[in-house]
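Colleague: Can you put the model up? I have some questions to go through.
Modeller: Here it is.

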Amino acid sequence: MQLSREELLRAYRSMCTIRQFEERVHAEFATGDIPGFVHLYAGEEASAVGVCMNLTERDSIASTHRGHGHCIAKGCDVAGMMAEIYGRKSGLCAGKGGSMHIADLDRGMLGANGIVGGGAPLACGAALTAKTLKTGAVAVAFGGDGASNQGTTAEAMNLASVWRLPVVFVLEDNGYAESTASAWSIGGDPLVRAEGFGIPGVRVDGHDFFAVHAAAGEAIARARDGGGPGFLHLKLARYFGHFEGDGMTYRAPDEVAKLRAERDCLKLFRRRVGEAQLLDDAALDAIEAEVAAEIEDATRRAKAAPMPSPADLLTDVYVSY
Amino acid sequence: MARKSFRQAVNEAIRQEMARDPRVIVMGEDIAGGMGAPGEDDAWGGPLGVTKGLMPQFGRERVLDTPITESGFIGAAAGAALTGLRPVADLMFVDFMGVCFDQIFNQAAKFKYMFGGKARTPLVIRTMYGAGFRAASQHSQCLYPLFTHVPGLKVVIPSSPYEAKGLMIEAIRDDDPVIFFEHKMLYDVEDEVPDEPYTLPFGEANLTREGDDATIVAFGRMVMLANEAADQLGAQGISCTVIDPRTTSPLDIETILEEVRATGRLVVVDEASPRCNMASDIAAQVAERAFEALKAPIRRVSPPHTPVPFSPALEDLYLPDVEKIISAVRAVMAAGGRKAA
């Protein structure tokens, strides 16, 4: 599908926002000001944005513990996300969820998820709602290589196939489930697994926004048209550890530097649109500067925002009780 | 008003809510039955026939047979609830929570809190529980204390057909995730059940007997046994109050405290395994808040801390029964060492 200039700018802004957001959280986490632990998405931006550019607000996604990128790509408010990560009352989840549970149901973001493999059945549920109420919406289940080995993923794929649900499973294979290599942990081939469930799948270079966008577009369009579930196996990489503080001793010493130099999805995007003379450097640089200001503002506001009040501890457990 | 079985009462409740609200769907293994098979459609209506007839009336789009895939479809029910449907999912035996508990306690139960209050998860999970069916260790447990333990879940344990219908309609209309426990030994019990839809509120206990000497709290099938025990004791001059809390989350502890303050003696009958069960929870709350009213130590009537045995000889021994309840009441009557303040 040919992307318009406006769409290309939007894609770059979204990927840039994810990158700068994550680089900033990385830096701020090191100061000790961010509570708990965070799992950063930097390096994988082409996946979230390439997939979500094919979705509308009525479509749903189920995300993972590495969910910031999915949130931003699905339209979550960046300042609200940053405040959430700082545990502030102004956060998207009022400070009650944190990094691993950011959600915005109004934008079809059904939540990051602290349980590896937890999201795939939920995405099937969103797809079932769409099918039952005939809304024309689709759902996307993001999951990592770790999640691909969970029973929930297999169950969700089988159920989606049996019920012919409008859902696309996106396997973000960043090479490591925590510290364990996916080359070791995945028995057989994920594409063959999908095929075994009767789900058409395709393997894509996850660093290449355009490849992801095209493959996701095809699977999502098919699902939307009643053609049943789809599957994408994206090969990509994360730049930071499983969580912040992970020394990454399991990776080759120059691995991330090499990835940043040669396979960076933002650089690849810039080169591609530059060579094709679709966007010029000035436009892209302007976006980077605007995003930098937005992240700075979000961070400053998050740090200054009030914490939840003691009364907030007991609210929001039930609708009524 | 007609006499209806517990099975008919649950069926009627779901049927009436499905007719009222197109967002209500039901799903589960063999919930209609015969899916994809050459024989009869709606072959089972659930393994014990509770949902029989729903599929012919509402169609396959709203009565969804699932593969045997509890994590998959319980999770899908949670996701569907989060996005606008009101699913009634059948987790056939509560013992099967072992393969899908994450989707219940980490996902559905926590959406609202984790998402800062913005989520609604109008999900009902129906499930069979309880011993007496000679179904052995993996099909007989009373795991409601585990669900009661989890903030965000509501837990409903009807003790009669009348309650089953009213509480099921309430559960389907409720906007929080509800685990609805159906004792498999109650399905053929009959009761007067109104034909029209009605609701019974959660968190409001029902007094099935009123007396002055001792208070008995019982759950689910145990309410019948407690009533029988109270009747026998009444004939012997000991009058008991019997409280059926109907829901364990929320729990109407205030009514229990009030009745304990009136009688000074408490027996809690709970078919669940004895450690950290409802009986221990209620005993703790009463000891904390009404200790001064107690004339005798609280007695709990629960099975031993063992898996549910298969052999009828052992299962009968395992279960609380009328004799055990009577004996516990006699014990609290005899242990009158402390005077009420």
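Colleague: What share of the residues in chain B is buried?
Modeller: Of the 341 residues in chain B, 56% are buried. Keep in mind that this is a predicted model.

Colleague: And how many helices and strands are there in chain B?
Modeller: Chain B has twelve helices and 14 strands. Its radius of gyration is 20 Å, close to the 20 Å from the globule rule for 341 residues, so chain B is as compact as a globular protein of that length. The C-alpha trace of chain B spans about 65 × 45 × 40 Å along its principal axes.

Colleague: What about contacts in chain B, what percentage join residues at least 24 apart?
Modeller: 77%, counting contacts between residues at least 6 apart in sequence.

Colleague: Now chain A. How many helices and strands?
Modeller: Twelve helices and seven strands. Of the 321 residues of chain A, 54% count as buried. The box filled by the C-alpha atoms of chain A is roughly 60 × 50 × 40 Å along the principal axes.

Colleague: Back to chain B. Into which domains is it divided?
Modeller: Domain 1 covers 2-193 and domain 2 covers 206-334. Taken over C-alpha atoms, the centres of the two domains of chain B are separated by 27 Å. In chain B, 25 residues of domain 1 and 23 residues of domain 2 take part in the contact between them.

Colleague: Which elements supply the domain 1 side?
Modeller: In chain B, α6 (144-148), β6 (154-156), α7 (161-173) and β7 (178-183) each supply at least two residues of the side of domain 1 that touches domain 2. By class, that side of domain 1 of chain B divides into 14 nonpolar, eight polar and three charged residues.

Colleague: And between the chains, how many residues does each one put into the contact?
Modeller: Chain B gives 36 residues and chain A gives 36 residues. On the side of chain B that touches chain A, α3 (70-82), α4 (101-108) and α5 (111-114) of chain B each supply at least two residues. α3(B) gives the most to that side, with ten residues. The side of chain B that touches chain A has 15 nonpolar, 14 polar and seven charged residues.

Colleague: Let's stay on α4(B). Which of its residues are buried?
Modeller: Gln103(B), Ile104(B), Gln107(B) and Ala108(B) are buried in α4(B). Seen down the helix axis, the buried residues of α4(B) fall within an arc of 115°, so they line one face of the helix.

Colleague: Why would that spacing put residues on one side?
Modeller: An α-helix has 3.6 residues a turn, so residues three or four places apart point the same way.

Colleague: What covers those buried residues of α4(B)?
Modeller: The cover includes α5 (119-133) of chain A, together with α3, α5 and β5 (124-129) of chain B.

Colleague: How many residues are in the largest nonpolar core?
Modeller: 201, and Val167(A), Ile216(B) and Val329(B) have the most contacts inside it. Helix α1 (residues 5-31) of chain A contributes the largest share of this core, nine residues. Domain 1 (2-193) and domain 2 (206-334) of chain B each give at least three residues to this core.

Colleague: What is Val167(A) in contact with?
Modeller: Leaving aside neighbours within four places in sequence, the contacts of Val167(A) include Ala123(A), Cys124(A), Val138(A), Ala223(A) and Pro229(A).

Colleague: Is Asp316(A) buried or partly exposed?
Modeller: Partly exposed, with 19 other C-beta atoms within 10 Å. The cut-off for buried is 20 or more.

Technical notes. Residues numbered from 1 in each chain as written. Chains lettered and ligands numbered in written order. Predicted model: local features only at pLDDT ≥ 70, side-chain atom pairs only at ≥ 80, totals over all residues. Domains from an automatic or database assignment. Contact = placed C-beta atoms within 7 Å. Helix = DSSP H or I, 4+ residues; strand = E, 2+ residues; numbered from the N terminus. Nonpolar A, V, L, I, M, F, W, Y, C, P; charged D, E, K, R; others polar. Buried ≥ 20, exposed ≤ 12 C-beta atoms within 10 Å, placed from the backbone. Arc of directions from axis to C-beta. Core = buried A, V, L, I, M, F, W, Y, C linked by C-beta atoms within 7 Å. Rg over C-alpha atoms; globule rule 2.2 N^0.38 Å.
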